[in-house]
Amino acid sequence: MIAPQDALERLRAGNARFVQGAPNPSPQSRLDALGPQRPFAAVLGCSDSRCPVEAIFDQGFGELFVVRVAGNVADATQVGSLEFAVRALGVRLILVLGHQNCGAVQAALQRPADLPSALGSLVDRIEPAIDGLRPDAGAEPSDILLANAVAANARHTANALHAGSPLIDHEVAGGRVAIASAVYAFDTGIVTFLDEDV
Ligand SMILES: [Zn+2]
């Protein structure tokens with residue numbers, strides 16, 4: 001399995017191809033990936049329909065282990081999926097990927113009164129990340145405030161993976177696994193990396 005730094009470079013190169021509109025001419029196909037899966041990285045991204053992770057990083061079948069949930073939060077099932085990627089598949093890089101104008105983060109900032117209970121508990125997961133970033137009561141968050149909250153939420157989830165998984169924390173402490181966070185911008189297609197302990 002490739003080293004965390006090499007996996008990160010592969011993601012950066014793939015996003016550069018995506019931004020330039022020059023995709024890999026021979027991506028790994030469904031048939032290329034029929035054997036045991038060997039993804040080179042795991043990505044915890046948002047469910048937003050405008051954030052297809054493989055497309056953003058110009059990757060084919062079998063290359064990325066992707067977990068998607070609204071607000072890219074780290075609940076037990078997401079952490080368990082990432083533990084599987086690390087333990088069973090040998091993945092050495094986990095990327096938490098937030099995105100521009102995330103509706104889940106916006107909901108956490110505005111906290112509408114009528115959220116159904118399960119959605120409310122998802123938004124609760126985001127709240128500790130955005131402490132101190134709230135707009136005035138009833139006000140729409142500004143673009144800058146929302147962007148700051150999106151970045152804070154991606155960082156918070158990356159940190160939560162340490163606390164939520166002794167396995168992942170142990171692998172990171174031993175230098176075998178790295179966790180990075182990043183934000184994807186719809187308007188440019190660019191993924192900006194925030195923090196890398198690679
Ligand atoms: Zn989102």
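Trainee: How many disulfides does the structure hold?
Mentor: The structure holds 0 disulfides. A disulfide is a pair of cysteine sulfur atoms within 2.5 Å. The sulfur of Cys51 has its closest cysteine sulfur in Cys46, 5.9 Å away, so that pair is too far for a bond. Before we go on, this is a predicted model: local features need pLDDT of at least 70, side-chain atom pairs count only at pLDDT 80 or more, and totals for chains, interfaces and linings use all residues. Residues are numbered from 1 along each chain as its sequence is written, and side-chain values use heavy atoms, with hydrogens and water left out.

Trainee: Why is Cys51 called buried?
Mentor: Buried means under 20% relative accessible area, exposed over 50%, and partly exposed in between (1.4 Å probe, protein chains only). Cys51 has a relative accessible area of 4%, so Cys51 is buried. Cys102, at 1% relative accessibility, therefore counts as buried too. Of the 198 residues of the chain, 43% count as buried.

Trainee: What makes Arg30 exposed?
Mentor: Its relative accessible area is 52%, so Arg30 falls in the exposed class. Arg30 is in the loop between helix H1 (4–20) and strand S1 (41–45); helices (H or I, at least four residues) and strands (E, at least two) are DSSP runs, numbered from the N terminus.

Trainee: And why is Ile190 called partly exposed?
Mentor: Ile190 has a relative accessible area of 38%, so the label is partly exposed. Ile190 lies in the loop between strand S4 (178–184) and strand S5 (191–196).

Trainee: How do you know that the chain agrees with a compact globule?
Mentor: The radius of gyration is taken over C-alpha atoms, and the globule rule is 2.2 Å times the number of residues to the power 0.38. With 198 residues, a compact globule would have a value near 16 Å; the chain has 17 Å, so the two agree. The C-alpha trace spans about 50 × 40 × 30 Å along its principal axes.
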